[in-house]
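Come along while I look things up, one entry at a time.

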Amino acid sequence: MQVDSSLRRGIAIGLMEPAQPRLNELAEWFESQYASLVRFGFVLTADWATAEDLVQETFVRLYGSRTQIRREGFPAYARRTMVNVGRTRFRRIEREHAAARAQRREHAPDPSERPGQDEVWDAICALPPQQRAIVALRFYEDMSEVDIARTLGLSQGTIKKQASRAMEKLRGILGREES
Amino acid sequence: MRLEDRIKTALERKLSTPPATRGSWDRVEQGIRRRIRRRTAFTGAAVAIAVAGGALATPRILNWSPDLRPATAPFAVALASKISIEGVPTALAINERTNRVYVASSGRRVVTVIDGTTDQVIATINLPEPKPRTEPPFESQAYSLLGEIVAMHADNVVFVAGFDDIYRINAADNTVRPLNLDIIGGQLAGLAVDQDLGIFYFTWGRDIVAMESDGTVLWRVDSGTRAVGLAVDEVLHRVFALAERGPLIALDGITGREVGSSKRDYDAHPLVPMGVDEKRHRVYFGEISDRIHVVDGSTLGHIETIEDIHANGLHIGLGILLVSSDTREGFSEGVLSGYELGQRRPAQRLALPSRAERSGDAVVAGSGLPALASNPNTGKIYLVSPGTGEVFVVTV
């Protein structure tokens, strides 16, 4: 039994071809939303290449999603999926980022960087992924708590609590560094 | 400057310089095609087998998905070959990417590596002896049991579990590392992998643990009851744990958060065979009293019970529910039964001579076929036969 060749034949007769209308719809959304999603991904991962991978992986997942996604709800749904997809990678990314931060502290500062410029960013990166997503949506995308809750699929109370914890942690880190 | 303003400034500055390269839709499309091929490998194979074999039986719909045309084919299973294994083979796993079959043997505590292309043994990996025990109630043989083994495809890593010890095998060089776990009491009862997430799960006592392929613990939760088996839905990313004489519990595979439990209790035994049909999100598992239960993995509602079959091993593969058992009349031989998913009637049964007198190996006796696995890329099913010390290779 030649399964390899039978699989190839299956592909050749269109058996395992993706549904074209859905592909076209996603391709259109990819074109229009890519830049903003990569920026959101960068806040989550602190790395542009990883953010790009995350967006691409998210679109692959969105194709297979059983949820019917509408155009108007897509940006929120995509961001929620990014947070979920990225969750398993965050642990590794966080370790790498912590190491990079430690290395930066050990070496002399880059003269091209203004003093104090990266402390806030480093502090954001020290937040847990969910809080980082909330900070990005609140302060970069100017979303209200209601919109953030809808985007991340969480209750408004959870968002309020997590946002408050994030700010508390940022104050703690930045206050410590200033002193 | 206020903290809020500092955050805004930092984000705007950092995010003002996105990468010069644009994301590639082609890469996304390739990923989608790869995913479809992986999820529906058997669908294509089944059609091609039907075409090549000129099957004349009434076509039945298998694996319907709105994105795909229906595949229609009956199937038939046949014993292709037998492979002799060192020790008493009790568990096996397949790495679909490397096409290697890993067989755990109790007593001698070795893992045999089989090349899935030639079905020849290519390596034998020795595991350390278990620490000496004196405590009752178990005989020393129980501690030499290797009850479960899993392979992580992408990372090329194998985990094999003894009574209360787990070993990580780097399959690239076959080096063995024991996992240093804080296991106190109880038996390791279930191993499972979410290949999509690259997370390995196991359970002992009340605890369920999620681990990365390098052995880093992601989470560890107290399930509140003694779990005797585990299965994973790689689409929903849910881990199903079956409590001993209790309900089926569902956990979020990423966070470990419990998402629900069945209202019904089941009479499961340790190392209960479990499987998940990820297309229909149904969980299958055997019960002591010769029954297989089917539970909805989304709602945890009971769907049906298949009566009069004792599952020694259970596996969802090649689009079929595969159950290995033994003939109850004198336990003379093992039997492999295939059920069409979503159907109750047995589609095919295959008798396998698995009984032998092996007085020297007292760990496992009888004709039971306790473990089986399949490789969708080759269409082969592998079963361990402790009684004869072999691995059976079955084709569909």
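**Entry 1: Chain A as a whole**

I read chain A from the N terminus, and its elements run α-α-α-α-α-α-α-α. I count eight helices and zero strands in chain A; helices (H or I, at least four residues) and strands (E, at least two) are DSSP runs, numbered from the N terminus.

A note to myself on reading this: the model is predicted, so local features need pLDDT of at least 70 and side-chain atom pairs count only at pLDDT 80 or more, while totals for chains, interfaces and linings use all residues. Residues are numbered from 1 along each chain as its sequence is written, and chains are lettered from A and ligands numbered from 1 in the order in which they are written.

I looked up burial next: of the 179 residues of chain A, 31% count as buried. A residue is buried if 20 or more other C-beta atoms lie within 10 Å of its own, exposed if 12 or fewer, and partly exposed in between, with C-beta atoms placed from the backbone.

I also checked contacts (C-beta atoms, placed from the backbone, within 7 Å). In chain A, 63% of the contacts with a separation of 6 or more are between residues 24 or more positions apart.

**Entry 2: Helix 2 of chain A**

How far apart are the end C-alpha atoms of helix 2 of chain A? I find only 31 Å for its 26 residues (20-45), short of the 38 Å that a straight helix would reach at 1.5 Å a residue. That expected span is 1.5 Å times one less than the number of residues.

I then found a bend of about 60° at Gln33(A) in this helix. The bend is the angle between axes fitted to the seven residues ending there and the seven starting there.

Buried residues in helix 2 of chain A include Leu26(A), Phe30(A), Tyr34(A) and Leu37(A), and also Val38(A). After the helix comes Ala46(A), with a positive phi near 60°.

**Entry 3: Asp53(A)**

I found Asp53(A) in helix 3 (residues 48-64) of chain A. Why is Asp53(A) classed as partly exposed? Because 18 other C-beta atoms lie within 10 Å.

**Entry 4: A sheet in chain B**

I turned to chain B and found an open sheet of four strands, in the order 20-21-22-23 with antiparallel pairing. Strands pair if DSSP finds at least two bridges between them. Strand 20 (274-277) and strand 23 (302-307) are the edges, each pairing on one side only.

Strand 21 (residues 282-287) and strand 22 (residues 291-296) of chain B pair over six bridges. Phe285(B) stands opposite His293(B) in strand 22 of chain B.

Technical notes
Two residues are in contact if their C-beta atoms, placed from the backbone, lie within 7 Å.
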